[in-house]
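Please open the model in a viewer and keep the sequence panel beside it.

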Amino acid sequence: MTSVIVLYTCVDSPPGRTVQMALEYLKVPYTVKDVNFDVGEHFSEEFLKMYPQGEIPVLDDNGLIIGESVAIIQYLAEKYGKDETFYPKDDLRIRSVIHHRLAFYLSTYYRRVHDYMILPMDYAGYERTDEKLAKTNHALKVFNEFLHRDGTSYVAGATLTIADLPFVMGTVALKAMDFDFNLFPHVTHWFEMFQRNHSDLWTVAAEGLKGLTYYNKNPRDLTSLKHWYHITKKN
C-alpha cells in the first residue's frame with residue numbers, strides 16, 4: 001500500500017497553504033492533519049518530539065520530517081517534479097532567479113507582511129504602525145519592480161515555478177485585510193493572472209484567504225496559549 005504524505009498545518013497558515021498548493025500542482029497524494037493553533041497543539045510534547053521548532057507547517061513523508069515551507073516545496077519539487085518548468089534542475093539561470101526570489105520572500109516580503117498583518121492579529125504587544133506599513137509598502141515596491149524589469153508573467157520567468165506559491169500566500173495575507181495595492185500595478189497583474197490561469201491552485205489559496213479574513217475580523221482568544229516569547233491576548 002502506498003504511504004501518504006501528511007501535512008501538519010492550520011486553515012489560515014499562509015506557509016501551510018503554500019505547501020498545499022505545491023502538493024496539488026505536483027499531484028502528490030497527501031492528507032492534512034489540522035493542528036489546533038488556538039490551544040497550542042504545536043507546543044505539545046507529541047508535536048515537539050516530532051518537530052522541536054514547534055511551528056507549522058511540517059511535512060511527514062514516510063518518516064522524513066521537514067519544516068519551513070520554502071524548504072518543503074523545494075524538497076517536493078525535487079522529488080516529485082513532473083516537468084522541468086516548476087523547479088528546473090539544469091537551467092542554472094532560472095534556478096538562480098528562483099533562489100533569489102525565495103530568499104527575498106523570506107528576508108523581506110513575508111517578513112514585512114508577517115510583522116504588519118499576522119502578528120497584530122494574534123498577539124498582544126504588536127500594532128499595525130505607520131513604520132510597519134512603510135516597510136510593507138517598500139517590500140511591495142521592490143517586488144513590483146522585479147516583475148516590471150523582468151517583464152515576465154511569473155515571479156521567476158515565463159512559467160509558474162515554486163517561487164510563485166509563497167508570494168501568492170504573502171499577498172493573500174494582505175488582501176485579507178483589504179490592503180491597497182493601487183501603487184503596485186505589476187503585483188496586481190501577476191496576482192490576478194495567477195487566479196485566472198491556476199484556478200485549481202487558487203482554490204487552495206482562497207480557502208486560506210477566507211480563514212485569514214475571518215481571524216483578522218474575529219481575533220482568536222489565545223490566552224490559554226503559553227507561547228515562549230509572544231504575549232497572547234484575548235478576543
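The stops below begin with the overall fold and end with the nonpolar cores.

This is a predicted model, in which local features need pLDDT of at least 70, side-chain atom pairs count only at pLDDT 80 or more, and totals for chains, interfaces and linings use all residues. Residues are numbered from 1 along each chain as its sequence is written, and side-chain values use heavy atoms, with hydrogens and water left out.

From the N terminus, their order is β-α-β-α-β-β-α-α-β-α-α-α-α-β. Along its principal axes, the C-alpha trace spans about 55 × 50 × 25 Å.

Next, colour by accessibility. Of the 235 residues, 50% count as buried, that is, under 20% relative accessible area with a 1.4 Å probe, protein chains only.

Now select Leu-76, Val-168 and Trp-190, which have the most contacts inside the largest nonpolar core, a set of 66 residues. Such a core joins buried Ala, Val, Leu, Ile, Met, Phe, Trp, Tyr and Cys residues through side-chain atoms within 4.5 Å. Strand S1 (5-9) and helix H1 (14-26) are among the elements that each supply at least two residues of this core; H4 gives the most, with 12 residues.

Centre on Leu-76. Leaving aside neighbours within four places in sequence, its contacts (heavy atoms within 4.5 Å) include Ile-5, Val-19 and Leu-59.

How values were computed
Helix = DSSP H or I, 4+ residues; strand = E, 2+ residues; numbered from the N terminus.
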